[in-house]
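Subject: Structure handover

Hi there,

Here is the structure I promised to pass on. Please have a look at it first; my notes follow below.

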Amino acid sequence: MLQPRMLILISIFLITLMFSKADNWSYQCVQEQRCVRVNRDTLNQEDTSFTTFNERIYDSWKICRLVCGTYGPLWPRPTGNTFIGQNLMQFHPNYLRFDFQDIPLVTKDLMVDMTKLFMRNIKHECGVNCTLPSETEVLVRVFITSPDTTLSWDTIESYSLDISTLGTKVSVDISAATVYGARHGLETLSQMVTVQSGPEGSYRNGLVMTGAARVRDTPVYSHRGFMLDTARNFIPLRQIKKILDGMAATKLNVFHWHITDSQSFPIETPRVPMMTQYGAYSSANVYRQDDIRSIVRLARTRGIRVILELDAPAHAGNGWNWGPQHGLGELAICVNEQPWRSYCIQPPCGQLNPINPNLYHILRDIYRDFMDVIAHEETLHMGGDEVFFPCWNSSQDIRDLLRSRGRTLEEGDFLQLWAEFQASALRIWDEESGRAPSSRDPRKPPPPVILWTSHLTLPENIENYLEKERYIIQAWLKADDPTPAQLIEKGYRIIFSTKDAWYLDHGFWGITTYASWRKVYNNRIPTSVNVLGGETCLWSELVDLNTIETLTWPRTAALGERLWSNPDTNANQAEARINRHRERLMTREIRAEAVAPKWCLQNEGECS
C-alpha cells in the first residue's frame, strides 16, 4: 500500500501535469479569420512567448480568438463599424479604474452596480490564482447623455467603444445615450478580455485585453427576449438569476416570466392570499413579493425588462378553485376535470368564468399586487392562448346566459364572450396601472399589453375584437405560417416566437423536433416597424432546476445575435464565435450544452 507521503507526491505530480504546457500546442490565426491549432515543435521557441502576439501565434485558443476575424470573440456581433487591433496588453483587474464624471447623477448608482457585474465577470475569466503581475493601468471612462432610466421598446441601447494604448496605459471610452447602452458597451469590453497563463510551472493567471479597438453598435430589434415558464415546474430564484446573467452576456433585454398556469399559481398576491394557498405546490414553491422585486432589480442592472404574464382566461385552474368555499361562486370552471380531453388542451384543465362578477374584483386585486412589484412603466402579458370553448359550453350558467341573449352557442358566441372578458380585464388593468383615459396624459397613446396568437387574433377576427393601438401580438406559430405577415399588414405589432425554431422544449415530447442553435440562429423574421423582435420560449412540463440551463444555453444566445445583429450570413460563419461565447458562459458559471466536439473548436472552420 502506498504511504501518505508518496500519495502526496503523486498528487503534486498529477496537478503539475494538469497545469503545465506539455501539450505542445499553440494557435495560429489563419486567413485572418480562423484559429487553428499548431504544434510548438514546428515553431521556434521564441514564437511561443507573450511578445509574439503580434506574430499571430498565440499560447491559447482564447487569446487567438481575441484578435482573429473582424468580430474576434464578440457575441452578438456589432452592427456598425468594428475594428479590433492586434496588439494585446497584460493587466491585472486591481489596476482597472472607472471614471463616471460625465454621466447624469441619477444614473450613477445603476452604473456602479453594472460595473460591479463587469468586474465579477472578468475575475471569473481570470480564474483561480489570478496573481500574475502587470504594470498596465486601464482607465474606463463612461459618457452618458440621458438621465432616463426607464426600460421600454423606445429605450436607446446604442453605444460606442474606443480602446487606445500609450505605453503601459490603456484608455477605454464608452459613450451612450442611456445607461443601458453604456452597460452593453461594458459587456463588449468584458468580451475583449481573456485569461493568460503565467510562465510554465508558475500556476498563476492574469488577464490580457485588446490594446486598440473601435466599435459602433446598435440593435436591430427592440424586443430580444427569453420566456420562462415557472408554473409547470417551480424554478428556484438561483436558477432565474443565472438566466439573467446569461441574458446580460448576450445583450437580451426582456425576461418574459410565464409565472402562472393551470398547474400552479406560485406568485404571492397579498390582497388575495388564497391564490397561493390553493394554487402553489407548497409553501416553499412560492415567489414572494420581495423575490419578484429582487429579480426586477437584478434584471435592470443587466439592461433587462421583466414582463410578468398572468395567463387568462384559459390556463387558469389551480389557485382559482376556492370561490365556492368563500361565497364567491365559481371563479374558474372545468378545474381538474376528467376526462381532460373534453375540457382543455392539456391537463389539468381550468378556465376563468367570465360571467362571474366576483372574478373581476379578484383580477383587480391581483393586478394591484403585480403593480407593487414591477417597474412602474412596465406592461403586462395577458396570455390569451388555447381558450377551449367546450369548457365554457359545459357550464349551465354560461349556456343560459348566452341563450338569454338570443345566442345559439356557436363559435362566434364564445368568441364574443371571450372578447368581453378581454375588454373588462384591460379596463381594470388600465385603471389600476394609472393608464385609464381619466388618469393619463391625453396627448400620449395608451400603452399596449401583450397577447398570444389565438382564435381571437386570427386575421379574419382580430379587428372585430382587439384594437391595434392597445395590443401587441406574440406569434407562437410555425415559420411558414402566413398569419404574422397578415397581422403586420393590418397594422398590429408583432413579437415572434417561432415554435418550430424558437421553442426550446421541443424535441422531447410528441412529434416535436429539437431545434439546434443553428436552427435558432438561421430563423429570420421580418424587419418592419411593426416587428418588435422575438423570444425563445422554455415551457417547463419536462424542465426543472436540473435541466434549465443546458436547455436554454447556448441556443438562446443564438437568438441574441439574430435579434441584435440580424446578420445576412448563416450559422456556419458564427460557429467560432458561439464556441467562444459558450466557453464564456461556462466561465461565468452558466451551464451550456456543447456546440461541437472540442476538435472542431481547436480547428475552426473544419466542421462547418
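Let me start with how the cysteines pair up: counting bonded cysteines along the protein chain, the disulfides follow the pattern 1-4, 2-3, 5-6, 7-10, 8-9, 11-12. The structure holds six disulfides, a disulfide being a pair of cysteine sulfur atoms within 2.5 Å.

Before the details, some ground rules. This is a predicted model, in which local features need pLDDT of at least 70 and side-chain atom pairs count only at pLDDT 80 or more, while totals for chains, interfaces and linings use all residues. Residues are numbered from 1 along each chain as its sequence is written, and side-chain values use heavy atoms, with hydrogens and water left out.

Cys126 is bonded to Cys130, with an S to S distance of 2.0 Å. The link of Cys126 and Cys130 is right-handed, with 90 degrees about the S-S bond. Both Cys126 and Cys130 are buried (buried means under 20% relative accessible area, exposed over 50%, and partly exposed in between, using a 1.4 Å probe and protein chains only).

Cys344 and Cys349 form another disulfide, again listed with S to S 2.0 Å. Here the torsion about the S-S bond is about -65 degrees, so the Cys344 and Cys349 link is left-handed. Cys344 is buried at a relative accessible area of 10%, and Cys349 is buried at 0%.

Cys600 pairs with Cys607 at S to S 2.1 Å. With -85 degrees about the S-S bond, the Cys600 and Cys607 disulfide is left-handed. Cys600 has a relative accessible area of 8% and is buried, whereas Cys607, at 32%, counts as partly exposed.

One further cysteine to note is Cys537, which is buried at 0% relative accessibility.

**A histidine in a loop**

His506 sits in the loop between helix 14 (499–502) and helix 15 (517–522); helices are DSSP runs of H or I with at least four residues, numbered from the N terminus. Is His506 buried or exposed? His506 counts as buried, because its relative accessibility is 10%.

A polar atom of the His506 side chain lies 3.1 Å from the backbone oxygen of Lys499. Setting aside neighbours within four places in sequence, His506 is in contact (heavy atoms within 4.5 Å) with Lys499, Thr512, Thr513 and Tyr514.

Methods: Helix = DSSP H or I, 4+ residues; strand = E, 2+ residues; numbered from the N terminus. Polar contact = N/O pair within 3.5 Å; in protein donor to acceptor, adjacent residues only side chain to side chain.
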